Amino acid sequence: MPLPNFLIFGVQKAGTSSIYDYLKQHPQVYMSPIKETDFLQKNWDWADQEKQRKINAERRARGRHECIDSFEKYQRLFDGVTTEIAIGEASPNYLFHGETTIPQIKRYVPDVKLIAILRNPVERAYSDYLMHVREETGGHTLSEQIVHFPDIPSFTIRKGFYYQQLSLFFQSFDSAKIKIYLYDDLCTDPMGTMQDLYQFIGVDSTFQVDVSERKQVAQVPKNRWFNKLLRTRNPIRETAATVLKFLPEESRQNLRSALLSINSQDKKKVALLSDDDRQKLLEIYREDTTQLQTLIQRNLSHWLTV
């Protein structure tokens with residue numbers, strides 16, 4: 001019964017989609033066909049089954065995969081393993097949910113190797129915020145979240161406290177089985193980073209991976225009204241779906257993706273994070289980043305200055 005022997009367990013907005021793709025290229029590596037399974041994030045034995053059925057029905061209606069909410073579903077993700085040496089999955093939220101994830105890792109894959117890619121927490125927070133703008137799932141602006149933190153919790157900001165999160169994993173697992181990379185490494189030397197990662201998971205580290213393409217380059221909508229129309233359930237979108245119901249589901253999804261792409265632009269073309277907000281975020285993360293340097297034995301001084 002093949003199960004993962006390594007996990008990409010952190011963090012969001014730090015190149016994990018690109019690394020997932022690079023790992024899939026290696027002939028000795030098998031990656032779960034679903035990225036972000038999130039199975040090990042909670043104990044699904046305690047889940048409300050009726051509520052979960054409704055959630056899965058809604059996900060299917062939206063063209064998304066069902067939640068991996070049982071060990072049987074998780075096992076099936078790895079049915080395709082043949083001769084691969086390294087078996088893995090990438091769920092970057094595992095790090096943030098360490099208190100609930102760690103017991104599940106110990107329960108199902110106790111000997112797994114753990115890999116995290118960390119990004120300057122200020123840049124990560126801004127990128128995360130832009131994702132919520134793009135997907136129409138945000139509420140307060142990032143400036144408002146900064147002003148009211150920590151009185152009003154913000155997941156976007158809280159996810160950047162890497163030391164708080166990583167220390168739980170270093171306390172719970174053999175440090176020799178934990179490998180930390182920086183997003184900076186991936187950007188400046190993607191080939192070297194991947195070859196080092198290949199060596200860590202025990203496959204041929206001389207493999208020449210194609211690192212020419214980056215996944216999920218940050219985009220923001222040109223027109224917020226049109227973006228909301230395409231991404232949220234509304235009468236106009238439901239009418240369009242009825243009119244186009246003669247098209248296969250895949251064709252409708254491709255059309256929607258094409259329209260979203262047309263309405264997108266590189267984040268560099270919009271206003272960047274203000275110097276004032278950047279400085280405030282830096283101060284929010286300063287103590288945690290200072291402690292992180294010692295934990296992972298990396299110089300992070302470039303994260304501590306504007």
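This is a predicted model: local features need pLDDT of at least 70, side-chain atom pairs count only at pLDDT 80 or more; totals for chains, interfaces and linings use all residues.
Residues are numbered from 1 along each chain as its sequence is written, and side-chain values use heavy atoms, with hydrogens and water left out.

Let's begin with the whole chain. Of its 306 residues, 47% are buried, meaning under 20% relative accessible area with a 1.4 Å probe, protein chains only.

Now to the rings. We have 13 aromatic pairs; Phe, Tyr and Trp rings (for Trp, the six-membered one) pair if their centres lie within 6.5 Å, and planes under 30 degrees apart count as stacked, over 60 as edge-to-face and the rest as tilted. One of them joins phenylalanine 39 and tyrosine 108, a tilted pair with 5.2 Å between centres and 55° between planes. Phenylalanine 39 is buried at 3% relative accessible area, and tyrosine 108 is buried too, at 16%. Both rings belong to a cluster linked by ring pairs, together with Tyr30, Phe71, Tyr74 and Phe78.

The charged end of lysine 113 sits over the ring of phenylalanine 200, 5.2 Å from the centre. Lysine 159 does likewise with phenylalanine 96, its charged end 5.7 Å from the ring centre. Here, "over" asks for NZ of Lys or CZ of Arg within 6 Å of the ring centre and within 35 degrees of the ring normal.

Conventions. Buried means under 20% relative accessible area, exposed over 50%, partly exposed in between (1.4 Å probe, protein chains only).
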